[in-house]
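Dear colleague,

I am handing over the structure we spoke about, with the sequence and the coordinates shown just below. After it you will find an account of what came out of the analysis, arranged by topic.

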Amino acid sequence: MRVYLDNNATTMVDPQVKTAMDPFFCEKYGNPNSLHDFARDTHEPLKTAMEKIYAGIHAPKSDSVIITSCATESNNWVLKSIYFDYIMNGRKDHIMVSEVEHPSVIAGAKFLESLGVKVTYLPINSEGIVDVKYLRDNITPKTALVSVMWANNETGAIFPVEEIGEICKEHGVLFHTDAVQAIGKFRVDVQSFNVDYLTFSAHKFHGPKGVGALYVKKGKEPTPLFHGGSQMGGLRSGTLNVPGIVGMGKAMELADDCIDFEMPDVRELRDYLEDSLLELKDTFVVTPREKRTPNTTLISFRGVEGEAMLWDLNRAGIAASTGSACASEDLESNPVMEAIGAAEDLAHTAVRFSLSRFTTKEEIDYTIDVTKKAVERLRSISSSYAYMPKSQTNEA
Ligand code: 7TS
């Protein structure tokens, strides 16, 4: 059996999305900016797709949704344009990001730091939720931007973006949220709270890879990263990825429909998986369920090296993760576990299972069985577990 439980890294393209994209490879392949009918063939489908994308995040027509190549591009764009627009000219000198942002934000912040920008890395609490009080206490009149993700990719923890948006508004600070793990998991409505920029990426919600977007509130248009064309109102030059945009539109429509219908089932399956694995002694989950996206569990098995666990799971056909795929070749501890301040022996033991609307009960039953056996096997050969003081285990 092959079981895919790494949906926070990427998802299967929904067959309906693939069907919607198909005509734009070998039939309707014109460049939308050309002046012939091959180009014109793409105009109506692009318009429909963009309407679906706007509807999916409840963006008003007056605001912009700029298509990019991925969330990494959108996140980098926000950080770098803030530097060009507000910091380089001396108006501001400071940004704030949570310490558990995706590397595309953390590395961007570190780059700005190397240019002399002051960066505050917001800590997270023992539940894996960003510390809003720390933000409130450290925001200054010179702060240009706060960038805090909506849902964390490792734990699924949902961050209080409404409250953060309010604080930013009070202080006249721009607010960006990376909503990559939010779309399709719960309702995303950019009009329901204060937000200036919002990132998302199609391949995280059963759309194609290589297409993402940045929502931009009217009047907050960032300096472009790419110059050289008139696409996206000159804000993001480059020939439009027509099949990608059509695919993202369809994926967004389906994702929105699924929030009420499929997501409760996904949550039930995730809870069943988690409950079953928590029956094992010395097994921990950090963020409480009600504060998490419905599809994610990050679970620690004391005494079991996460990478060893992945090896056993992979041999049985199960795909999971110990951290971002982007970082999975480094044998490093999970960044969220580190940020929480988990003991060294636990920081290396976290395994992330992320489900999707295509995950079945049979797959979860199989995963529970394989995981339990793997934990038993790996603990039996773990010298650190064998010699661990009984006080550190659940054993009497
Ligand atoms: N932001 C978040 C919150 C993410 O989870 C990811 C990918 C990205 C940005 C980057 O998206 P992309 O469109 O540039 O690919 N996260 C993961 C992960 O958790 N494991 O592999 C990739």
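A polar contact is taken here as a pair of N or O atoms within 3.5 Å. Please keep in mind throughout that this is a predicted model.

A polar side-chain atom of Ser 201 lies 2.6 Å from an oxygen atom of the ligand, a polar side-chain atom of Gln 181 is found 2.8 Å from a ligand oxygen, and for His 203 the corresponding distance from a polar side-chain atom to an oxygen atom of the ligand is 3.0 Å. On its own the ligand has 500 Å² of accessible area, and the protein covers 92% of this.

The shell around the ligand holds 18 residues, of which Thr 72, Asp 178, Gln 181, Ser 201 and Lys 204 come nearest. By residue class, the shell is made up of seven nonpolar, eight polar and three charged residues.

The division of the chain assigns residues 3–10 together with 261–382 to domain 1, and residues 15–258 to domain 2. The C-alpha centres of domain 1 and domain 2 lie 28 Å apart, and 30 residues of domain 1 are in contact with 31 residues of domain 2.

Next comes a pair of helices. Helix 8, which spans residues 242–260, packs against helix 9, which spans residues 262–278, at an angle of about 65°, and the axes of the two helices are 4 Å apart. On the side of helix 8 the contact is made by Cys 258, Ile 259 and Asp 260, while helix 9 contributes Glu 262, Met 263 and Pro 264. The residues of this contact between helix 8 and helix 9 divide into four nonpolar and two charged, with no polar residue among them.

Finally, a word on one residue. Ala 339 has its place in helix 11, which covers residues 335–340. Leaving aside residues up to four places away in sequence, Ala 339 touches Glu 99, Val 100 and Ile 124. By contrast, Gln 231, which is 108 residues from Ala 339 along the chain, has its C-alpha atom separated by 40 Å from the C-alpha atom of Ala 339.

With kind regards

How values were computed
Residues are numbered from 1 along each chain as its sequence is written. This is a predicted model: local features need pLDDT of at least 70, side-chain atom pairs count only at pLDDT 80 or more; totals for chains, interfaces and linings use all residues. Side-chain values use heavy atoms; hydrogens and water are left out. A residue is near a molecule or strand if one of its heavy atoms lies within 4 Å of it. A polar contact is a pair of N or O atoms within 3.5 Å; within protein, one must be able to donate a hydrogen and the other to accept it, and residues adjacent in sequence count only if both atoms are side-chain atoms. Accessible areas come from the Shrake-Rupley method with a 1.4 Å probe; for residues, only the protein chains shown count as cover. Ala, Val, Leu, Ile, Met, Phe, Trp, Tyr, Cys and Pro count as nonpolar, Asp, Glu, Lys and Arg as charged, and the others, Gly among them, as polar. Axes are lines fitted to C-alpha atoms, for helices over the stretch in contact, and angles run from 0 to 180 degrees between N-to-C directions. Contact means heavy atoms within 4.5 Å. Domain bounds come from an automatic or database domain assignment.
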